[in-house]
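Please read it alongside the sequence and the model.

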Amino acid sequence: MQRLVYLDLSRNRLRELTHLAFSYLANMVVLKVSGNKELTFVDSRALSANPKLQDLDLSGNGLTFIDVNILSALTHLRSVRLAGNPWVCNCNSENLISWIRRNRRIIPDVAEVTCAFPDSLQGVLVTEIADRLFPLCHRKREFKLSEILYFCLIGPGLFSASIALNLTFSLLMVFHKRIKKKDMKHYRKLRRAISFKYSKRPNVIIQQINTKAFANGGATIGVQLSR
C-alpha cells in the first residue's frame, strides 16, 4: 500500500474523511474523492500524512466548508477541484475564499466554484464575493441607540437591582435565623420551667391537691407516700 500513488474514491457514498484517513499512503500523488453527495466533513488533518499529493479532486460533494490549512499544507499541489459543493460564504470562510483567489491558477474549475449560502449570495462566484464580503467582516460595528441605552442605563440598572435583591434576601435570612434562635431560647426556658414544676416530690403534689380539695369542701387523699 505504501507504493500506491493513485487512489480514486469517487461515487462511493463517503460521509467524511477522518483524522489521518490516508496515513498508510505517504507516497500518494493523486486522490479523487468526487461525486460523494453525502461527504460533508473533511478533518483538518485528514491529508497531513500525504505531503506528496499533487492532484486533489473534491468536486461534486456536500462540502459547505473546509479548513484552508488542509490545502495550504500541500506544498506540491498542482491541481485541486472544488466545484459542485454547496459552499457557505460568510466571514468564517474568509481564509478559504482568500486562498481560492490566490491559487486560482491551480483550480481548473474555479469558474464554477459558487456560493450556496446565504441565499442572498447563492450562485455568486467565490472569487467575486471577496470584495463584497470582506469589507463587511472587517467593518467596525455601529451600535444602535437601543444598544447604547442598554449598556449605559438598562444594563447597570439590572445589575444594581440584582445586587439589591441579593442583599435584601441575605438580610431576611439573617433576621429569620435570629428570630428562630430567640424562639428556641424562649422554648428551652419554658421547658425548664415546666420540668421544674412537675419534678417536685409526689407527697408535696398530693398535699397541694388536698389543700385545694379541702378548700372546696371535697374529699382528701389519705395516702402519704414515703420519701
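## Nonpolar core

In this predicted model, the largest nonpolar core has 42 residues. A nonpolar core is a set of buried Ala, Val, Leu, Ile, Met, Phe, Trp, Tyr and Cys residues joined through side-chain atoms within 4.5 Å; buried means under 20% relative accessible area, exposed over 50%, and partly exposed in between, with a 1.4 Å probe and protein chains only. The residues with the most contacts inside this core are L31, L56, V80, W99 and I100. Helices α1 (68-72), α2 and α3 (126-138) each supply at least two of the core residues, and the largest share, five residues, comes from α3. In soluble globular proteins, nonpolar side chains tend to be buried together.

V80 is in contact with L56, L71, W99, I106, I107, P108 and D109, leaving aside its neighbours within four places in sequence. Contact here means heavy atoms within 4.5 Å. In α2, the buried residues are E94, L96, I97, S98, W99 and I100. These buried residues of α2 pack against α1, β6 (79-81), β7 and α3.

## Overall fold and confidence

The chain has five helices and eight strands, taken as DSSP runs (helices H or I, at least four residues; strands E, at least two) and numbered from the N terminus. Along the sequence the pattern is β-β-β-β-β-α-β-β-α-β-α-α-α. Of the 227 residues in the chain, 30% are buried. Among contacts with a separation of 6 or more, 58% are between residues 24 or more positions apart.

The average pLDDT of the chain is 82, and 74% of the residues score at least 70. Residues 223-227 have a pLDDT below 50, and this stretch has seven contacts in the model beyond near neighbours in sequence. pLDDT is the predictor's confidence in each residue, from 0 to 100. Where pLDDT is low, the predicted coordinates should not be read in detail.

Residues are numbered from 1 along each chain as its sequence is written, and side-chain values use heavy atoms, with hydrogens and water left out. Because the model is predicted, local features need pLDDT of at least 70 and side-chain atom pairs count only at pLDDT 80 or more, while totals for chains, interfaces and linings use all residues.

## Cavity

A search of the whole structure finds one cavity of 30 Å³ or more. A cavity is a set of points on a 1 Å grid over the protein atoms alone where a 1.4 Å probe fits but cannot get out, and lining residues have an atom within 4 Å of a point. Grid points are joined across faces, edges and corners, and a volume is the space filled by probe spheres set on the points. The largest cavity holds about 40 Å³ of space.

Its lining is formed by W87, V88, S93, L96, I97, I100 and V126. β7 (87-88) and α2 (94-102) each supply at least two lining residues, and α2 gives the largest share, three residues. Six of the lining residues are nonpolar, one is polar and none is charged. In this count Ala, Val, Leu, Ile, Met, Phe, Trp, Tyr, Cys and Pro are nonpolar, Asp, Glu, Lys and Arg are charged, and the others, Gly among them, are polar.

N36 is found in the loop between β3 (30-32) and β4 (41-42) and is buried, with a relative accessible area of 1%. Not counting residues up to four places away in sequence, N36 touches L9, S10, R11, N12, R13, L14, G60, N61 and G62.

G62 sits in the loop between β5 (55-57) and α1 and is buried, at 12% relative accessible area. The C-alpha atoms of G62 and N36 are separated by 7.1 Å, with the two residues 26 apart along the chain. Beyond four places in sequence, G62 touches N36, K37, L39, T40, N85 and P86.

## Backbone details

R11 lies in the loop between β1 (6-8) and β2 (16-17), and R13 is also placed between β1 and β2. Each has a positive phi in a residue other than glycine: near 55° for R11 and near 60° for R13. R11 is exposed, with a relative accessible area of 65%, and R13 is exposed at 72%.

A cis peptide bond joins F117 and P118, with omega about -5°. P118 is in the loop between β8 (115-117) and α3.

Terms used. 1 Å grid on protein atoms, 1.4 Å probe; cavity = no way out; pocket = protein on both sides within 12 Å on 5 of 7 lines; lining within 4 Å.
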